[in-house]
Amino acid sequence: MGEPVQIVVFVMAFVTCNALLDLTGVHQVQGTWMGSVTLPCTYMPSDGFTQQTLIWSMERDHSTSTIFRRDYSGDHILLSQFRNRVSVPKHSPGNASLLIENLEIPDSGHYTCQVTWRTKNNSVITREMTTAVKVVKVAATKPIIRAGELGLTVPAGARTSLTCVASGSPPISYRWFRGTPGRKALLLSRQAELVWDSLQPSDTGKYYCEVENRAGAGAVQQSDAVELTVTGSPVTQQTTPGTGQHTTPLFTPRGNGPQPVTTGLTATKQRSEGGPEEPPVATELLYEVAFHSTADVTRLETDGEVPVMCPHKDTNSKTETSNDTFTVKDSSLDSIHVRKNPEYENLMNAMELEYETERI
């Protein structure tokens, strides 16, 4: 009875071993020209078996060539036409799948995955699996439009996007239009994604995209139009740096006449007193007295009293005063008041013919 039991145990262990080391994959794969494809080749790792070699070979036109080999010395790509285009996952026990990128038409053929294991008693087990690969040129499909996270109804000032999605052999070219397919439309972009950083109400409208590729022999595919709706009105204000407060211009020029400007009185006083400078306040008016005979200009600030010397007049009368001055002052911020002695009324009338006071 002992011998039959040993035979049964050996057979069961052999069957279990075969089940663990069976390669799993597919028999046929279709790849897209200029795209990429993965040829599956996987197995269930076992503690009693160590992978020794992994070989991927290709058979085409009755000729077989080794493409990829992995052994104790590392990974090796043996065909130059596949260099930098094929790879097998590393540090993934049981996964021997082959990735082929930038597919070309000559890549069509039969690919064989061969894995060799060594057992604890130095026995060697080898498994193989073959997959047929066909590389085809695929025209671009009709695109669809995917809206951003906010959907197609978006508040003004928000950021959003529309993405044109299509499949087919790359490279695929994209075009975005505002309008409706079949009618006059405005070309907006040649990227797959149409982006708005800050939507405006004027962006409300219908949009669609077009795609094409070389495999389509010039055939253009158009998406259905989608309607984007922008709600509300954005509020824009100018702010003072560092304060966040709304500001307005100090003045707005109008025509060629005199314009109000800031007097700079506050800043001038603080500078004279050694204090910190502050921005001038645009609340006072500045006046200018022009002396046409000498072209001299005297600027008068409205908060102070400025003595203006008049021509001296010799007199023998004891009732006349030697103080031949008058003062200009703007206390109401609206006009200039001149205070003078009655004795000089005639003199001032004569001066008005020579001097001209104008407001700037």
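**View 1. Serine 223 and the residues it touches.** Serine 223 makes contact (heavy atoms within 4.5 Å) with Lys142, Pro143, Ile145, Pro181, Tyr208 and Cys209, leaving aside residues up to four places away in sequence. Serine 223 sits in the loop between strand 17 (221-222) and strand 18 (226-231). Strands are DSSP runs of E with at least two residues, numbered from the N terminus. With a relative accessible area of 3%, serine 223 is buried; buried means under 20% relative accessible area, with a 1.4 Å probe and protein chains only. The model is predicted: local features need pLDDT of at least 70 and side-chain atom pairs count only at pLDDT 80 or more, while totals for chains, interfaces and linings use all residues. Residues are numbered from 1 along each chain as its sequence is written, and side-chain values use heavy atoms, with hydrogens and water left out.

**View 2. Strand 12 and its partners.** Strand 12 (residues 160-165) runs antiparallel to strand 10 (residues 144-147), and four bridges join them. Two strands pair if DSSP finds at least two bridges between them. Isoleucine 145 has cysteine 164 of strand 12 as its bridge partner. Strand 12 also pairs with strand 15 (residues 193-196), again antiparallel and over four bridges. Here leucine 162 is bridged to leucine 194 of strand 15.

**View 3. The nonpolar cores.** A nonpolar core is a set of buried Ala, Val, Leu, Ile, Met, Phe, Trp, Tyr and Cys residues joined through side-chain atoms within 4.5 Å. The largest one has 29 residues, and Leu39, Trp56, Ile100 and Tyr111 have the most contacts inside it. Two or more residues of this core come from each of strand 2 (37-39), strand 3 (49-60), strand 4 (63-71), strand 7 (98-100), strand 8 (109-119) and strand 9 (124-136). A second, separate core of 18 residues includes Leu162, Cys164, Trp176 and Val230.

**View 4. Contacts of isoleucine 100.** Not counting residues up to four places away in sequence, isoleucine 100 touches Gly35, Ser36, Val37, Leu39, Phe82, Arg85, Val86, Asp107 and Tyr111.

**View 5. Lining of the second largest pocket.** On a 1 Å grid over the protein atoms alone, a pocket is an open set of points with protein on both sides within 12 Å along at least five of seven lines, and lining residues have an atom within 4 Å of a point. Of the 19 lining residues, Tyr43, Gln51, Arg70, Pro93 and Gly94 are the closest to the centre of this pocket. Strand 3 gives the largest share of the lining, five residues.

Notes
Buried means under 20% relative accessible area, exposed over 50%, partly exposed in between (1.4 Å probe, protein chains only). On a 1 Å grid over the protein atoms alone, a cavity is a set of points where a 1.4 Å probe fits but cannot get out, and a pocket is an open set with protein on both sides within 12 Å along at least five of seven lines; lining residues have an atom within 4 Å of a point.
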